[in-house]
Amino acid sequence: MGNGEVIAFFVQPPPQSLGFAAYGLACLSGALANVVCDEFLADLGHPWARLSRRGVWLRVGRWLALILGCVIAVMTSEPAEAYARMIGVAVFGVIAGCDLESWHVPPDWYTIGGAVGMVGVWGVAGGLRAAADAALAQAFCYGAMVFGVAALKVAAAGDIKLMMQYGAVLGGIVAVGWAFVMEWLVRVVWMFFWALGVASREGVEAVVARGRGLRAPHGPFAWLGVVLWIAVL
Amino acid sequence: MAVALGFVVMVGSVVVMVGEGVAYWAGVVGVVVMEVVSVGLLYFCSKE
């Protein structure tokens with residue numbers, strides 16, 4: 001993509017495409033993964049109980065990310081690209097729902113496997129160049145999260161895996177870049193109201209003290225950023 | 001080291017995106033290699 005094409009991408013409206021069949025498929029896979037993990041696996045005992053989910057808000061955040069990802073995939077893609085993204089989002093939903101790091105495999109296995117798999121999906125749908133674009137997008141997300149976790153202390157370590165999958169699913173660094181810009185706008189507004197709420201109850205000093213340890217989820221915010229981008233355009 | 005590589009990957013991916021031809025593909029290979037090295041360092045050298 002040349003400089004002119006990059007600028008053109010930024011100013012063009014997102015094309016409308018694809019019906020709701022793939023959207024339903026992705027939602028169904030995510031729902032199935034969550035229901036199975038929540039309702040059945042915990043009762044099956046070892047080793048299946050290890051796959052059950054714990055932590056309500058983490059699950060809600062990932063579930064929200066999946067839903068928003070489905071909306072994005074439908075609204076921002078041409079039909080062939082949309083199918084590739086829907087498959088990626090579906091895979092993302094399943095692995096986010098299952099938390100495969102609970103298995104006795106390297107903790108990053110499902111993260112890297114998911115990212116590589118989605119780059120492969122892009123390769124099948126759009127050729128080598130599409131796969132390379134998706135690899136760049138997930139690399140950008142990985143680098144941003146590592147930097148955010150280690151240097152800026154604004155993200156949790158678990159966000160890295162979510163963002164790698166997010167970059168691979170979105171399949172384009174321009175879209176990811178826009179998502180980051182909008183994500184930070186959402187984040188600033190979110191933190192403003194968070195600080196306002198704490199200050200009204202506990203005072204300004206409490207805001208500063210608690211703000212130092214605040215970890216806001218990047219993944220769901222990033223999806224939300226893309227949705228906001230679409231809404232603005 | 002892993003964090004520094006992660007930062008290079010983040011910036012490098014943006015730079016590579018506007019490239020064309022051989023420069024683009026060389027950049028993609030370089031970014032992915034650096035990413036893999038960074039992931040490896042984080043995984044094998046992390047104390048967690």
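Chain B contains two helices and zero strands. The model is a predicted one, and the predictor assigns the complex an ipTM of 0.89 and a pTM of 0.75. Taken along the principal axes, the C-alpha atoms of chain B fill a box of roughly 40 × 15 × 10 Å, and 29% of the 48 residues of this chain count as buried. The mean pLDDT of chain B is 83, with 94% of the residues scoring at least 70.

Chain A is likewise described by its helices, of which there are nine, with zero strands, so that, by the definition of these elements as DSSP runs numbered from the N terminus, the chain reads along its sequence as α-α-α-α-α-α-α-α-α. Buried residues account for 42% of the 233 residues in chain A. Among the contacts in chain A with a separation of 6 or more, 72% are between residues 24 or more positions apart.

The chain averages a pLDDT of 72, and 64% of its residues score at least 70; the lowest mean, 53, belongs to helix H1 (residues 3–11) of chain A, whereas the highest, 84, belongs to H5(A). Over residues 10–19 of chain A the pLDDT is below 50, although this stretch has 15 contacts in the model beyond near neighbours in sequence. Where pLDDT is low, the predicted coordinates should not be read in detail.

The two chains meet at an interface in which 18 residues of chain B are in contact with 20 residues of chain A. On the side of chain B that touches chain A, helix H1 (2–17) and helix H2 (21–45) of chain B each supply at least two residues, and the largest share, nine residues, comes from H1(B). The residues on this side of chain B divide into 13 nonpolar, three polar and two charged.

Within H2(B), the buried residues are B:Val28, B:Val31, B:Glu35, B:Ser38, B:Val39 and B:Leu42. An α-helix has 3.6 residues a turn, so residues three or four places apart point the same way.

The largest nonpolar core has 67 residues, and those with the most contacts inside it are A:Leu136, A:Cys141 and A:Met163. At least two residues of this core are supplied by each of helix H3 (56–75), helix H4 (79–98), helix H5 (109–152), helix H6 (159–170), H7 and helix H9 (218–232) of chain A, together with H1 and H2 of chain B. H5(A) provides the largest share of the core, 21 residues. In soluble globular proteins, nonpolar side chains tend to be buried together. Not counting residues up to four places away in sequence, A:Leu136 touches A:Ile173 and, in chain B, B:Ser13, B:Val16, B:Met17, B:Val28 and B:Val31; of these partners, B:Val28 and B:Val31 are among the buried residues of H2(B).

Helix H6(A) is mostly covered, with twelve of its twelve residues buried. Among them are A:Asp159 and A:Lys161, as well as A:Met163, A:Met164 and A:Leu170. The end C-alpha atoms of H6(A) are 16 Å apart, which agrees with the 16 Å that its twelve residues should span at 1.5 Å a residue. Just after this helix, A:Gly171 takes a positive phi of about 70 degrees.

Two further positions in chain A illustrate contrasting surroundings. A:Thr111 lies in helix H5 of chain A and counts as buried because it has 22 C-beta neighbours inside 10 Å, where 20 or more are required. Not counting residues up to four places away in sequence, A:Thr111 touches A:Lys161 and A:Met164, both of which are buried residues of H6(A). A:Thr111 and A:Ala151 are 40 residues apart in sequence, and their C-alpha atoms are 21 Å apart in space. A:Trp190, by comparison, is found in helix H7 (residues 173–202) of chain A and is partly exposed, with 13 other C-beta atoms within 10 Å. From C-alpha to C-alpha, A:Trp190 and A:Ala216 are 9.3 Å apart in space, while 26 residues separate them in sequence.

Terms used. Residues numbered from 1 in each chain as written. Chains lettered and ligands numbered in written order. Predicted model: local features only at pLDDT ≥ 70, side-chain atom pairs only at ≥ 80, totals over all residues. Helix = DSSP H or I, 4+ residues; strand = E, 2+ residues; numbered from the N terminus. Contact = placed C-beta atoms within 7 Å. Nonpolar A, V, L, I, M, F, W, Y, C, P; charged D, E, K, R; others polar. pLDDT = per-residue confidence, 0-100. Core = buried A, V, L, I, M, F, W, Y, C linked by C-beta atoms within 7 Å. Expected span 1.5 Å × (residues − 1).
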